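Take a look at the sequence and the model below.

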Amino acid sequence: MKLSSKAVLKSFFSFGAASQLRALLACALTLAAVASAQAPVPDSSAIEAKAHAMLAKLTLEQKIDLLGGVDGMFTRPVSAIDLPRFKMSDGPLGVRTWGSTTAYPGGAALAAAWDPALARKIGESLGKDARARGVHFLLGPGVNIARSPVSGRNFEYLSEDPYLNASLAVQYIQGVQSQGVVATVKHYALNNQEYNRHNADVQADERTMREIYLPAFEAAVTKAHVDAVMNSYNLINGSHATQSEFLNLKVLKGEWAFPSILMSDWDATYDSVAAANNGLDLEMPNARFMNAQALLPAVKNGTVKESAIDDKVLRLFRTILRYGFLDHPQFDPANSTYSVADRAVALKGARESITLLKNEGKFLPLDVSKVKTIAILGPNAYPAITGGGGSSEVQPFEPVSILTGIANLAGPNVHVLYSRGLPTIHDVFDHPNWQGGVQLATFPSADFTGESTVSHQWRIADYAPQNWAPVDSTLRSLRYTTSFKAEKAGKYMVLAAADGGDAYKVLIDDKLIVAQVSAENQVPQSGLIDMKAGQTVAVVADYQPHSPGIHFGLGITNDADLVTEEAKSFAAAADVVVVAVGFNPPTEGESYDRTFNLPWGQDALIEAVTAANPHTIVTLNGGGGIDTRRWLDKVPALLHLYYPGQEGGTAVAEVIFGKHNPEGKLPVSFDRSWEENPSAPFYYPIKGADTSLHVTEPGQPAVDYVIPHVKYDDKLMVGYRYWTTTGKHPLYPFGYGLSYTTFSFANLQVPARAASGSTVSVSFDVTNTGSVAGAEVAQLYVSDPSAKASRPERELKGFEKVRLTAGETKHVTLDLDARAFSYWDESAHKWTIDPGKFVIRVGDSSESTPLTAELTLN
Ligand code: BGC
C-alpha cells in the first residue's frame with residue numbers, strides 16, 4: 001500500500017475501530033470455545049488429506065477466488081466449504097492495524113540490542129497481541145539490508161549485516177509463530193530503497209544476492225520455518241518480485257523448499273499470468289490481476305496450468321490446517337490488547353538498544369542529586385517518537401516521551417524546563433517576509449503554458465490544511481514569483497513542502513535550491529543559501545499539483561533565528577541540556593527516502609543550544625546514520641535511539657542518570673556524510689540528469705526524472721565490509737557502542753586445523769574491567785585471506801551478548817558452521833569453502849578486534 005502518513009492514519013481510524021468492535025463482538029460470542037495459543041504442528045498426512053479434500057470441493061473459479069485478498073487485510077472466504085476469511089495485521093513494530101497497541105522498538109533498534117533472546121520475546125509478545133485481536137497473519141518481520149542510510153524503511157528493517165539479520169529474524173519469527181500466529185517475512189527481495197519503489201529495477205549479481213541480500217530470508221525459511229513470505233514492490237534484474245522466477249521458484253520454493261504462502265506486497269502485482277506462473281500464491285490486498293477474468297482463460301488456453309492454481313490453494317489450506325485456524329477462534333482471551341507484560345518487553349527492548357556514541361570526559365551518567373535544572377529541548381522531546389512512518393506506524397496506548405521519561409525519573413527536586421525550540425513548518429510558511437508580496441500565475445496546462453491568470457498574495461502557505469483553498473481542478477501548474485531581502489548577513493534556509501506525488505522546484509536567482517521530483521518524495525525539502533546584509537534575491541517556485549488542490553508551502557528564514565529565544569534562554573539557565581532531535585513519521589517512513597541531514601532547523605538548534613550551554617546531550621531518532629558534522633565536536637554526549645518504541649523516554653532517562661548502563665551497538669556503519677557511504681555512487685543515478693519538471697496527467701504520478709535502474713555495483717561492499725576492506729574508517733564503525741564500564745577480551749582458543757565443512761568451536765573470555773555491571777557484545781569476524789575469489793576483509797559470523805558484574809569474567813564459546821567459512825562460487829552456483837588459511841577475530845566492534853587467531857581448513 002503506498003500510503004502517506006496522513007493516509008495511514010486515516011485508514012487506521014476508519015476501518016480499524018469498526019472492525020475491532022466487530023471482532024470483539026464475535027469474540028464475546030465464542031469465548032467458551034476458545035483454545036489457548038498453540039504452536040503450529042508439523043505437516044501430517046491427515047492435514048495433507050484434508051487440504052486435498054477441501055480443494056476437491058472447489059470449482060476452478062472458486063480456487064482462483066482464493067488467490068486474492070479482500071477488505072484490505074483478509075484472505076477471501078469461500079462459503080461453499082464454510083471457509084472463513086483470515087485476518088492480517090501490519091507489523092513489524094506492533095500489531096498495528098486493529099486499534100491501539102504496544103509499540104515495540106523498531107527493527108534498527110532491535111538490531112542495536114544484538115540480542116536474539118530479546119527478538120524472541122518481542123516475537124512472542126507480538127504473537128500474543130495478535131491473538132488478542134484475532135489476527136492470523138502478522139505482516140512482519142522486515143529483514144531487508146540497510147544498504148544506505150537514506151532508505152526510508154531502514155528503521156523497520158534490521159541491520160547492514162546478513163548474519164545479524166538472520167539471527168534476529170529467526171527468533172522473532174519463532175516467537176510470533178509459537179503463539180499460533182503466522183509470521184510474514186518481508187519484503188522479498190532487495191527492497192533497499194523506498195525511492196521509486198514500484199519501478200526501481202535492482203540489478204545485482206547472484207553472488208551479491210546470495211551473500212548479502214538473501215541470507216536473512218533463507219534463515220527465515222529454512223531455520224525459523226516462517227509460514228508466509230511477502231514479495232517486494234521493486235524489480236530484480238528485470239522482473240518484478242511477484243513474477244521473479246529466480247527468487248520465487250528457483251530459490252524460495254525450490255532450493256529452500258518453502259511450503260507455505262508467498263503473498264504480494266499491497267498492489268505489488270503487475271501481471272496476472274506472469275505472477276501465477278512464477279510462484280505468487282496470494283495477491284494482496286485484492287485480486288486486481290490474479291482473478292477469474294484473467295486466469296480462467298489462461299488456464300483454458302494452457303498458459304497457466306490448473307496444477308499451479310491448485311498448488312497455491314493447497315499452500316493456503318495446509319497453513320490454516322497446520323495452525324488449527326478452522327478448529328479454534330483466533331481471538332484468545334488469555335491475552336489482552338493492553339498488556340503490562342508487553343510494556344515491560346518494550347522497555348527491555350528500548351534499554352538494550354540505546355547506543356552511546358560519544359561520552360567525552362565521562363560526561364554521562366549524570367548524578368541526579370547534583371542536577372538542579374535540566375532543559376529538555378527539541379522537536380523529538382515531546383510527544384514521544386516511537387517509530388517511523390507508513391504501514392508500520394503504531395498507535396501506542398501510553399507512549400513515554402523523552403520529556404516525561406526524564407521528568408519522571410528526575411523527580412520533584414529537579415526543575416525541568418521544556419521547549420520545542422523550533423517553529424513548526426506551518427509557522428515558517430505562515431510568517432514570511434516576501435518583498436512586496438507574491439505574484440501567483442496559474443496555468444490551465446500542466447506545463448506552465450497557455451494563458452495564465454495572475455493574482456497576488458502575501459504568503460505561500462497552502463501546505464497547511466487550515467489554509468487549503470477550495471479545490472479548483474483547472475489549476476494544473478502554478479508559478480510563484482517574489483523576492484526576499486536579507487536583513488543581516490548569514491545562512492538562510494529555503495524550506496518547501498508539498499504533497500507526495502506533487503512536483504515543484506524553487507529557484508533563487510535562477511539557481512535550483514530545492515525540488516520535489518519523485519512520485520514518492522514527500523519529505524519537506526530545505527537548502528541553505530549564504531546572503532549578505534541587505535541582499536535581495538529573486539525567488540521563483542514552479543509547482544504542479546498531482547491531484548486537484550494546492551498543497552504547497554515555501555518560506556525563507558534566517559537559519560540561526562529559527563531557534564526560539566525561549567530555548568536559548570532555557571539552555572543558558574540549566575545545569576544540563578538534553579536536545580532531542582532526529583526524524584519522525586512524516587520525515588522518515590515508507591514510500592519515500594529520507595535525507596542524510598537532520599530535518600530542517602535541527603542543526604541550528606543544536607548549535608544555538610551548545611553556544612548557550614556546552615553541557616549538552618544530543619539524542620537522535622533515525623533508522624541509521626545521520627550527518628552530525630555541524631555540531632558533534634561541541635557536544636560531550638551523543639545517544640542514538642533509532643526508534644525505541646513506546647517506552648523509549650523511560651529508557652533514555654535511565655541511561656542518562658546511570659540507572660541503566662548503555663549496551664546498544666551500532667547495527668550499521670555510521671557515516672560522516674552520505675557521499676562516503678559505499679552505495680552513494682550507485683543509489684540515485686541522477687548526475688547530469690534532466691532536472692526539468694515533467695508533465696503529468698491528473699491522477700498519474702509525477703514522473704521520476706531518473707533512469708529507474710539501480711545498479712548494485714557496490715556488490716559485497718556494504719557497510720563495514722567496505723570500510724574494513726578499504727582500510728578507511730566511518731565516523732563510528734558497525735558494532736560500536738560505549739558503556740559506563742570497560743571490558744577486556746582474552747584467551748582466544750581456536751583449533752589450528754579443522755576439516756572443511758566441520759563445525760569449529762571458538763572460545764574466549766570477556767571480563768568487565770570497570771566498576772559497574774554492564775553488557776558487552778562479543779563479535780566474531782572471519783577473514784579468508786587465501787580464498788580464490790576476492791572476499792570482504794572480514795565478515796560477522798558469530799556474536800554473543802555477555803552480561804557481567806564488575807570484575808566478572810565469562811568464558812564464551814561460539815560455533816562456526818560450514819557457512820561461516822563459505823562464499824558463493826559464481827561459476828559453480830553454490831556455496832564453496834576454499835581450504836587454507838582463515839583468520840578469526842574477536843572484539844567489540846568491526847574495527848576493534850583485540851583477539852586474533854589463525855586456523856587452517858583442510
Ligand atoms: C507495505 C507492507 C505492508 C502493506 C500492508 C505496504 O505498503 O510495503 O510492508 O505490510 O503495505 O499495509
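The structure holds 51 salt bridges. The model is a predicted one. Start with R343, which sits in helix α13. Its side chain meets that of E398 in a salt bridge, 2.7 Å from N to O. E398 belongs to the loop between β12 and α14, and the pair links parts of the chain 55 residues apart. E398 counts as partly exposed, because its relative accessibility is 44%. R343 is buried, with a relative accessible area of 17%.

R343 also forms a salt bridge with E647, where the closest N and O atoms are 2.8 Å apart. E647 lies in the loop between β26 (637-640) and α18 (648-656), and R343 in helix α13, so this pair ties together parts that are 304 residues apart in sequence. Are these two residues, E647 and R343, buried or exposed? Both E647 and R343 are buried.

Another salt bridge joins K837 and E854, with 3.4 Å between the closest N and O atoms. K837 is in strand β36 (residues 836-843) and E854 in strand β37 (residues 851-857), 17 residues apart. K837 is partly exposed, at 36% relative accessible area. E854 is partly exposed too, at 47%. Elsewhere, salt bridges with shared partners join D161, R721, D784, R791, E795 and K797 into one network.

Now turn to the nonpolar residues. In soluble globular proteins, nonpolar side chains tend to be buried together. Here the largest nonpolar core has 113 residues. Which of them touch the most other members? They are Y188, M263 and F317. Helix α6 (residues 162-177) gives the most to this core, with eight residues. F317 touches A51, M54, L55, L58, L66, I81 and L83, leaving aside residues up to four places away in sequence. A second core is separate and has 50 residues, including L93, A497, I626 and Y732.

Most residues other than glycine have a negative phi, and most peptide bonds are trans. A189 is found in the loop between β5 (182-188) and β6 (201-203). L190 is in the loop between β5 and β6 as well. It is not a glycine, yet its phi is positive, about 60 degrees. L190 is buried, with a relative accessible area of 1%. A cis peptide bond also runs from Y382 to P383, with omega near -5 degrees. P383 has its place in the loop between β12 (373-377) and α14 (402-410). K715 has a positive phi, near 45 degrees. Its loop lies between β27 (709-711) and α20 (720-726). K715 counts as partly exposed, because its relative accessibility is 40%.

Next comes helix α16 (residues 565-573), whose buried residues are A567, F570 and A571. Seen down the axis of α16, these buried residues fall within an arc of 100 degrees, so they line one face of the helix. The face turned away from that buried side carries the exposed residues E565 and A572. What covers the buried residues of α16 includes β12, β13 (415-419), β24 (576-582) and α17 (602-612).

End at the surface. Y338, V340 and F397 make a nonpolar patch of about 280 Å². V340 is found in helix α13 (residues 340-353). V340 counts as exposed, because its relative accessibility is 62%.

Conventions:
Residues numbered from 1 in each chain as written. Predicted model: local features only at pLDDT ≥ 70, side-chain atom pairs only at ≥ 80, totals over all residues. Heavy atoms only, no water. Core = buried A, V, L, I, M, F, W, Y, C linked by side-chain atoms within 4.5 Å. Buried < 20%, exposed > 50% of the residue type's maximum accessible area, 1.4 Å probe, protein only. Helix = DSSP H or I, 4+ residues; strand = E, 2+ residues; numbered from the N terminus. Contact = heavy atoms within 4.5 Å. Arc of directions from axis to C-beta. Patch = residues over 30% accessible without salt bridge, like charges linked within 9 Å, V, L, I, M, F, W, Y side chains within 5 Å. Areas by Shrake-Rupley, 256 points an atom, 1.4 Å probe, with all protein chains shown as cover. Salt bridge = Lys/Arg side-chain N within 4 Å of Asp/Glu carboxyl O.
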